[in-house]
Amino acid sequence: MLDNVTWPSTDYSRVPYVVFGDQAIYNREQERIFQGSSWCYLGLEAEIPNPGDFKTSFVGNTSVVVNRSANGAVYAFENRCAHRGSTVVRELSGNRENYTCIYHHWCYDHEGNLIGVPFQRGLKGKGGMPREFDKCEHSLKKLRVETYRGVIFGTFDHDIMPLADYLGPRIRDILDTIFQKPIEVLGYMRQRMPSNWKLYWENATDCYHAGLLHQFGTTFGLFRATQEGGSFLGACPGHSVCYSIFGSDEGSVSEGYEGIEAYNAEMKLNDASLLQYRDEDSDQRGLIIMATFPSVIFQRIANTLATRQIRTKSPNEFELYWTYFGYADDDEELRRMRLTQTNLVGPAGLISMEDGEAGVLIQRAIERERHASSVMEMGGKGPIGDQDHLVSEMSVRGFWKHYCDVMGYVPGSSS
Ligand code: FES
Ligand SMILES: [Fe+2]
């Protein structure tokens with residue numbers, strides 16, 4: 001199957017459904033994307049502020065530990081014992097001076113170096129490891145780690161370009177905005193999606209759906225295709241940003257949405273406090289969704305700030321891991337607004353629960369149609385670039401272009 005992926009069009013306006021359900025393709029993604037030359041989101045420095053703090057995370061489907069050492073530096077390593085392969089750290093987070101595997105008690109430091117092997121010299125002159133056994137040769141598999149604005153990224157490719165170059169100026173600019181001040185993590189949500197991870201990536205980079213699928217957001221102005229906004233690509237087309245300006249479409253909504261059910265002028269909230277919003281940015285971008293290839297989406301929607309990490313599980317399943325945060329200096333009212341608005345997003349969010357369902361609807365329907373393809377021409381065919389409006393699928397095509405480059409799939413041919 002792997003060798004028969006036919007990418008139907010050279011402008012990535014068609015995506016063969018086979019890529020959403022094939023085990024061999026999934027395996028190739030783990031090798032080329034997640035274990036390959038990508039900087040993957042691991043977490044936030046604010047989650048591990050003190051020496052010895054750790055949290056477990058994922059790169060694709062590989063469990064990793066990210067932690068802060070005694071000297072304050074952040075390290076990460078694969079969560080798989082160098083002895084016989086056991087999971088070393090089973091907690092989600094905590095504080096440790098070192099890590100002891102439960103099976104035979106091999107012990108590792110914060111960098112993942114092996115520092116202790118019980119009975120290494122045997123007992124009473126018997127047993128033990130061979131004399132030449134060198135602990136230095138049996139550390140945990142280490143990731144290279146870099147941070148930007150307190151966001152921790154890791155990679156298994158120790159020769160990859162620096163993180164700042166991988167992100168590029170436009171992505172860094174959004175991170176400068178979202179992480180403009182010290183943050184405080186407010187909580188987490190996790191959801192298991194019975195669909196392929198790339199269907200969520202398509203969803204997150206697709207401006208077009210948001211003003212149609214999400215009736216709540218469209219009706220109450222959290223995102224409408226009639227608003228001013230647009231999308232642009234990062235240093236590679238695998239990174240993209242969608243943004244919109246709240247309130248910028250007054251007077252044009254009814255006309256734009258005439259005959260479209262997503263906008264319901266009759267609908268009113270009994271309690272409008274959910275829609276209370278404080279503009280935190282001089283350019284009034286009420287919504288910013290930034291997808292950073294291959295595993296994280298950053299969002300600011302109204303006053304909700306969050307990262308969404310994709311953790312792949314199989315060709316047909318992934319986990320979406322939401323981390324919500326605010327700024328350490330939030331006043332009480334702003335903090336309350338952030339927490340209230342958390343109801344807008346997440347697994348049951350009023351403007352995001354449909355996203356998970358959309359992926360499932362696709363996954364089910366394409367199961368027996370692996371030879372068929374999707375159609376993406378909204379916003380135009382041909383070259384992939386920035387858009388100054390919201391009726392576009394351009395960034396989705398950007399994702400697929402980068403995906404094919406990394407996977408070695410040549411559009412318009414059998415690869
Ligand atoms: S598997 Fe970890 S110490 Fe043996
Ligand atoms: Fe959505």
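Reader: Into which domains is the chain divided?

Author: First, the ground rules. This is a predicted model, where local features need pLDDT of at least 70, side-chain atom pairs count only at pLDDT 80 or more, and totals for chains, interfaces and linings use all residues. Residues are numbered from 1 along each chain as its sequence is written, chains are lettered from A and ligands numbered from 1 in the order in which they are written, and side-chain values use heavy atoms, with hydrogens and water left out. Now the domains. Their bounds come from an automatic or database domain assignment. Here the chain has domain 1 (40–148) and domain 2 (169–407). Taken over C-alpha atoms, the two centres are 35 Å apart.

Reader: How many residues does each domain bring to the contact?

Author: Contact means heavy atoms within 4.5 Å. Domain 1 brings 14 residues and domain 2 brings 20 residues.

Reader: How is the size of such an interface given?

Author: Often as the accessible area lost when the parts come together. Buried area is that loss (1.4 Å probe), summed over both parts. Domain 1 and domain 2 bury about 1,400 Å² between them, and 59% of this is on carbon and sulfur atoms. On the domain 1 side, Y41, L44 and Y148 supply 46% of the area that it buries against domain 2, more than any other three residues.

Reader: What is the count of salt bridges between domain 1 and domain 2?

Author: A salt bridge needs a side-chain nitrogen of Lys or Arg within 4 Å of a carboxyl oxygen of Asp or Glu. Between these domains the count is zero.

Reader: Which element gives the most to the lining of the largest cavity?

Author: Elements are DSSP runs numbered from the N terminus: helices (H or I, at least four residues) and strands (E, at least two). α4 gives the most, with three residues. α3 (197–204), α4 (207–213) and β14 (285–292) each supply at least two.

Reader: How do the lining residues of the largest cavity divide by class?

Author: Ala, Val, Leu, Ile, Met, Phe, Trp, Tyr, Cys and Pro count as nonpolar; Asp, Glu, Lys and Arg as charged; the others, Gly among them, as polar. This lining has 10 nonpolar, six polar and three charged residues.

Reader: What lines the second largest cavity?

Author: Its space is about 50 Å³. The lining includes A204, C207, S240, I289 and S395. By class there are seven nonpolar, four polar and no charged residues.

Reader: What is the volume of the largest pocket?

Author: About 450 Å³. Of its 20 lining residues, E202, D206, H209, I362 and E393 are the closest to its centre. α8 gives the largest share of the lining, five residues. The classes are 12 nonpolar, four polar and four charged.

Reader: Which residues are the closest to the centre of the second largest pocket?

Author: F220, G221, L222, F246 and L275, out of 16 lining residues. About 190 Å³ of space lies in this pocket.

Reader: One backbone point. Is the peptide bond from F293 to P294 cis or trans?

Author: That bond is cis, with omega near 5°. P294 sits in the loop between β14 and β15 (296–301).

How values were computed:
On a 1 Å grid over the protein atoms alone, a cavity is a set of points where a 1.4 Å probe fits but cannot get out, and a pocket is an open set with protein on both sides within 12 Å along at least five of seven lines; lining residues have an atom within 4 Å of a point. Grid points are joined across faces, edges and corners, and a volume is the space filled by probe spheres set on the points. Buried area is the accessible area (1.4 Å probe) that two parts lose on being put together, summed over both.
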